[in-house]
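Hi,

Here is the structure I promised to pass on. My notes on it follow below.

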Amino acid sequence: MTTTPTPILELKNLAWYKEKGQPVFTDVNLVVNEGDILVLQGKSGAGKSTLLKCIAHLNIYKGEVLYRGQKPQHYGIPTFRTRVMYVPQRPSMLPGTPRDFLTTIYTFGVHKSRSASSKAASAVSGALGSSEPNVSGHEAFAVAESWGIEPELWDRGWANLSGGEAQRIVLAIAVGIGSAEVLLLDEPTSALDSESSSKIEKHLSAEVKSPDSTLKSIVWITHSPEQGQRVGTRFIRVTSGGVREENVDPGV
Ligand SMILES: Nc1ncnc2c1ncn2[C@@H]1O[C@H](COP(=O)(O)OP(=O)(O)OP(=O)(O)O)[C@@H](O)[C@H]1O
């Protein structure tokens, strides 16, 4: 018996233009369902990152993005972005340390979102009433540690972390917050060795499959056809005309 897929994101006639009106992509129509790990592929400059930023409402676009049938404005943009979360390739330009970043996120109230994990919420609740949340014990630390991040790295400036360390910490924060139903991952393992990548691939695939997890689907940009094959359940090619679904991952 086949079950009817539950749509979580719908892109309707999405288009994005450069300043002079030159289209990067137009006519993007796509439904992302619960359980999907959508692998986005395409040439460098095809518009993959731009498409993810449009979905996250970080770019101004033409057309519509619906999350659970509603526009981002229905939830309020900050809340929408905690549910449909864009994770950049690396956190360039961030000031301070990863711990500062996690604290800042909670200062701005991500933990109030509907589905924040209980662990994350309890990590913060002890500090309610103080001006700065205490994030010790947060799930992000455990996730990062399982990916080989030593605890002391949380207190080192971003600028003094390796690309792969910073990449794993940013992703661990996104996963550890536990608020996202959709993660939009922009080459999340581009700076990692194959062993570290493999741990992350398995962790994220298991999260999407687990009925207990908040995370329901991932849109994942990768330039690695092998990684695409390992994690993908659907394959999308981004071209100047729009997006095209492919039955099998044909490689980049
Ligand atoms: N803010 C911007 N202003 C003008 N052009 C932009 C802007 N952001 C991206 N572009 C252009 O839009 C096109 C798509 O860029 P994008 O970063 O989405 O490509 P991509 O497919 O993710 O590439 P890569 O695989 O190299 O990361 C490129 O030509 C890029 O130069």
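**The sheet and its edges**

Strand 8 (residues 234–239) and strand 9 (residues 242–246) pair in the antiparallel sense over five bridges. Strands here are DSSP runs (E, at least two residues), helices are H or I runs of at least four, and both are numbered from the N terminus; two strands count as paired if DSSP finds at least two bridges between them. A quick caveat before going on: this is a predicted model, where local features need pLDDT of at least 70, side-chain atom pairs count only at pLDDT 80 or more, and totals for chains, interfaces and linings use all residues. Residue numbers start from 1 along each chain as its sequence is written.

Back to that pair: a hairpin of two residues links strand 8 to strand 9, and Arg237 has Arg244 in strand 9 as its bridge partner. Both strands belong to an open sheet of six, in the order 5-6-7-3-8-9, with mixed pairing. Strand 5 (84–87) and strand 9 stand at the edges with a single partner strand each, so one side of each has no neighbour in the sheet. At the strand 5 end, the pairing with strand 6 (residues 182–186) is parallel, over four bridges, and Val84 stands opposite Val182 in strand 6.

Helix 1 (residues 48–55) is largely enclosed by the rest of the structure, because six of its eight residues are buried. Buried means 20 or more other C-beta atoms within 10 Å of the residue's own, with C-beta atoms placed from the backbone; 12 or fewer is exposed, and in between is partly exposed. The buried ones are Lys48, Ser49, Leu51, Leu52, Cys54 and Ile55. After the helix comes His57, with a positive phi near 65°.

Helix 1 also gives the largest share of the shell around the ligand, three residues. Among the residues of that shell are Lys18, Glu19, Val24, Lys48, Ser49 and Thr50 (the cut-off is a C-beta atom, placed from the backbone, within 6 Å of the molecule).

**The core**

Which residues touch the most other members of the largest nonpolar core? They are Ile55, Ala172, Ala174, Leu183, Leu184 and Trp220, out of 64 residues. Helix 7 (residues 163–177) supplies the largest share of this core, nine residues. Such a core is a set of buried Ala, Val, Leu, Ile, Met, Phe, Trp, Tyr and Cys residues joined through C-beta atoms within 7 Å.

Overall, 43% of the 252 residues of the protein count as buried.

Cheers
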